[in-house]
Amino acid sequence: MEITKKLESKKLIKNFYEKQRKDLLEHAEQGIPSSLFPDRPILTKEVAELGKLLKGKPNYFERVFLGSKEAEKLKEFIKPDIWEDQDYYNLLIYLFGENADLVKYAWNKMPYKMYQSSYSRRSFRAPHREDYIMLNQVNFIRELMVFPYIYSYNGDQSFDLSLEEQITYDNEFVHNSSRSYIWSAAIDTGNVAIYQLIEDIIFNKHPEGKVSLSIIKALLNSEQKKCWELVEKLLLAAQRQEGLRQTILEALDETSVGALEYMINVIIDQKLTRFSSVVRAIDTWTGLGWEAEKESVVKNILSLADHYFKNPGEIPKAMSSKNNNEVYMALWVQGVKDVEKAVPYLHQLFDEGDVEKKCLVIKFAIETADPYIQMPLYYKAVLDGNTDVLAFAGYPMSTLLSTNTDSKFFINNPDYPEFFEKLHQLTLNTEIKEKKVEGKIFSWLNATFKKSDLYASMFYLVGDDSHKLDTVLSYFDQFDLSLRELLARNILREFYCYSLSYAEGKKKLKVKAFQREFAFKILKDRGEALVASGINILLQDPLNKEEIMVFFDLFKRKGGVLRKKLVELVIEQEDNVLIPLVDELMSKGDLEQRAASLDIMLQLQKGKRVSAQITNWTKQYAERPKITEREQGLLDQINPSGDDTVLSEDNGYGFYNPGVVSKFALPKVESDSVYAQAVKKDKYGFTKPMEDVKAEIKKLYDLFQQHKNHEYDAEEWDGSVTTLLMGNTFRQIKRNTEGFTPKQLAENYPLHEVWEQWFLDSGLQSRDLYLLTLAENCDRKVFREFMENYVFYYKDLLVNPLKDGYAWTNPIIMILQSLKDLFVFEEHVDFALDATSTIFANLPESVINYKGKDSNDYYYQDQGNGWQRLDFLCLSYGQFPEQALPMSKISNDGIYTVGCSIMA
């Protein structure tokens with residue numbers, strides 16, 4: 001790309017993060033200057049250790065979470081005003097050079113930033129909570145330590161850019177959100193040049209810089225009103241650009257409280273509540289849970305927010321209002337300023353309010369995502385026992401308890417006395433299993449009470465108390481399947497299996513007594529995962545005569561995979577243990593059970609076990625008055641008689657003679673075929689020279705860049721319609737394309753007529769589209785060196801113009817694929833067959849003899865590791881209907897696929 005050449009001198013050395021980690025510790029231990037930054041201060045060992053902890057994983061950003069081991073470790077190092085100590089401030093200089101002062105300034109602003117960061121984040125702040133402050137600060141630094149980079153399939157390219165370069169080329173790089181805090185800090189500390197640069201970009205006066213989300217965030221994070229006014233002008237200038245408007249509004253909650261107040265006032269004054277982006281943004285800020293609401297409701301909600309921002313003294317009075325909108329928005333404004341000061345109001349409302357106010361309290365507590373706010377109110381909801389309130393509290397309570405199971409924080413916690421017992425009593429008092437609550441709190445809001453959530457919460461409070469576990473398991477048969485599986489996963493841990501097909505067999509871990517007891521309990525369950533897990537547990541240790549009889553009833557089931565696993569389990573047992581079970585199955589069982597006894601005999605015979613007993617069994621069986629064909633077939637395999645032939649691998653199961661090896665010849669391609677004629681001109685089969693193909697793709701790339709500010713409406717998964725900016729997201733307009741014609745598929749992308757005209761003007765043919773979109777890359781050298789002689793890999797040619805750089809979001813690839821639907825390569829069947837034949841005929845020894853590493857993953861334990869089962873030769877040349885192929889090449893389902901592992 002052009003930008004990488006322009007900033008070549010700013011590119012970081014290869015494996016920079018690993019080398020930085022090593023340099024950080026080594027130069028501190030040896031007391032010598034850093035090899036990476038020789039002009040920066042030498043760090044002490046303790047400070048270097050903090051630097052290592054702050055970085056976390058060498059090659060990527062991993063957020064630190066509340067209560068994690070990493071957070072607890074960092075608490076030991078990070079003290080108030082840490083950067084006032086010169087030794088520690090030297091770490092900022094080591095990491096950020098001339099920007100160290102700006103990092104320190106932004107660090108000190110972190111207490112006043114929202115503490116949530118996920119997709120469902122809300123605007124709340126906790127400026128006096130040390131744990132949240134530290135998390136904000138640590139994650140800010142950690143993210144900032146990731147340099148701007150450009151995604152590359154062969155490894156990202158990172159760059160050490162100046163602030164001006166970061167801002168100017170922000171749209172060219174993958175940045176982290178912490179960068180915008182540094183840009184804000186530069187403005188707030190008097191860097192006029194940075195403000196001027198951003199202003200020029202906003203007003204489109206800069207020759208290279210373009211408006212970006214990070215620039216908008218930087219302005220809104222600033223404490224200066226002139227920065228907010230710039231965003232206001234940008235917002236008002238957006239006009240029909242719904243995508244830009246949405247970007248601005250949804251960034252507001254991550255900014256300064258002053259900017260949020262200011263922009264809410266702008267939205268009201270300029271009557272912007274009619275736009276869908278405003279509706280979505282307010283939901284993001286507040287967690288109101290609406291999808292779309294009337295403009296009057298949206299305006300009312302914003303007006304209430306504006307009122308309580310301007311009149312915070314009226315927030316206590318709002319708690320007695322009968323209008324839930326007023327109560328919720330007063331709580332929200334308090335939460336934006338300091339969520340801890342909202343806690344007394346929440347308890348007051350719960351203790352004194354009606355059922356609807358109690359529900360509102362729980363709803364608001366959920367949105368805070370603060371366990372120290374949530375759990376005391378969930379506990380009160382349990383004591384209250386109202387199912388409407390529990391409809392809101394039940395699931396989030398069980399989720400919070402689940403998250404803290406390992407730490408046992410809530411188990412026997414004196415702040416929640418007899419929590420388990422209170423829940424148990426509540427389940428006894430509640431006859432309702434499930435109840436939907438509609439229109440509670442707000443007209444658009446629904447919730448569902450599920451008794452299973454209470455049982456799940458009880459389970460997470462069991463801890464090491466076997467009596468509590470027995471209490472929970474006494475209701476096991478009443479649980480729905482999902483809850484039974486949940487309990488099984490938590491009780492059986494490493495022994496849990498999701499399917500009979502993936503039962504793991506013996507493990508080195510020892511089975512605990514209660515796990516074994518639980519395994520017998522779930523063996524007769526109808527859930528496959530539960531039965532598989534029970535079998536997996538019992539495979540670990542021998543069974544006794546009484547225990548093995550449990551399987552008598554299980555052999556009534558007809559599932560082939562289950563039968564196979566049960567037989568394997570039985571065969572693992574001692575002879576004197578399994579003989580009584582076979583006797584019982586043979587003499588007292590139904591057809592399925594008798595057939596199972598014969599299966600077991602056959603496996604015992606193959607293992608050369610209990611031969612005399614098998615003879616006795618077969619004699620007894622032969623005396624039965626009626627023997628079905630199925631039973632007789634098994635008996636004949638156990639005890640062949642006379643001239644009967646037993647089908648086996650040795651006789652080719654009656655279909656072929658293993659001793660006769662037929663002649664074979666490598667496939668040949670006819671000289672006058674489409675493929676043969678095509679590769680005469682180009683080794684891949686392109687209709688034009690490669691330089692011409694590249695030139696046309698460059699025109700397509702430039703064409704996309706020319707239209708990247710185009711906005712279009714597209715369907716979401718839930719059927720709603722959203723407005724997208726093509727330069728941010730390129731995708732199909734309608735989600736459900738079932739029954740679409742090729743023309744409709746092509747027209748299901750934005751500006752389809754532009755791309756169609758490009759193709760018509762390019763002089764490329766349908767075969768070129770087919771070849772351009774065939775294969776992205778082969779990242780194994782042995783295979784690539786061979787395959788690139790026959791297959792064109794598009795990775796280096798079809799560069800993604802979007803910032804993320806991923807192939808699956810690449811507009812150029814999607815455009816070419818849509819055109820391929822419209823301009824069909826009619827001879828692609830013949831072409832693909834001949835291309836595949838050519839590859840087969842020329843496989844080198846290096847590929848034929850290649851062996852990959854075994855994955856040791858039990859989900860894929862049978863996949864093999866030769867070239868036939870690996871993905872490196874996997875090309876999807878296409879799926880062809882039955883009528884397009886000779887009968888000898890058609891699979892059972894009437895579809896013939898050429899490609900995966902060359903040919904499937």
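Predicted model: local features only at pLDDT ≥ 70, side-chain atom pairs only at ≥ 80, totals over all residues.
Quick definition to start: a helix here is a DSSP run of at least four residues, numbered from the N terminus.

First, the whole chain. The protein chain has 904 residues, and 51% of them are buried. It holds 44 helices and nine strands. Its C-alpha trace spans about 100 × 80 × 65 Å along the principal axes. The accessible surface comes to about 44900 Å², with 48% belonging to carbon and sulfur atoms. Now contacts with a separation of 6 or more: 65% of them join residues 24 or more positions apart.

On to helix 5, residues 86–96. Why is it largely enclosed by the rest of the structure? Because eight of its 11 residues are buried. Buried means under 20% relative accessible area. Among the buried ones are Tyr88, Tyr89, Leu91, Leu92 and Phe96. Asn90 is buried as well. What do they pack against? Helix 2 (16–30), helix 3 (45–55), helix 6 (100–109) and helix 7 (130–144).

Look at the ends of helix 5. Asp85 caps the N-terminal end. One of its side-chain oxygens lies 2.9 Å from the backbone nitrogen of Asp87. Just after the helix comes Gly97, with a positive phi of about 55 degrees.

Last stop, the surface. Leu66, Tyr372 and Phe409 make a nonpolar patch of about 280 Å². Where does Phe409 sit? In the loop between helix 22 (387–403) and helix 23 (419–429). Phe409 has a relative accessible area of 38%, so it counts as partly exposed.

Technical notes. Residues numbered from 1 in each chain as written. Heavy atoms only, no water. Patch = residues over 30% accessible without salt bridge, like charges linked within 9 Å, V, L, I, M, F, W, Y side chains within 5 Å. Areas by Shrake-Rupley, 256 points an atom, 1.4 Å probe, with all protein chains shown as cover. Salt bridge = Lys/Arg side-chain N within 4 Å of Asp/Glu carboxyl O. Helix = DSSP H or I, 4+ residues; strand = E, 2+ residues; numbered from the N terminus. Buried < 20%, exposed > 50% of the residue type's maximum accessible area, 1.4 Å probe, protein only. Contact = heavy atoms within 4.5 Å. Polar contact = N/O pair within 3.5 Å; in protein donor to acceptor, adjacent residues only side chain to side chain.
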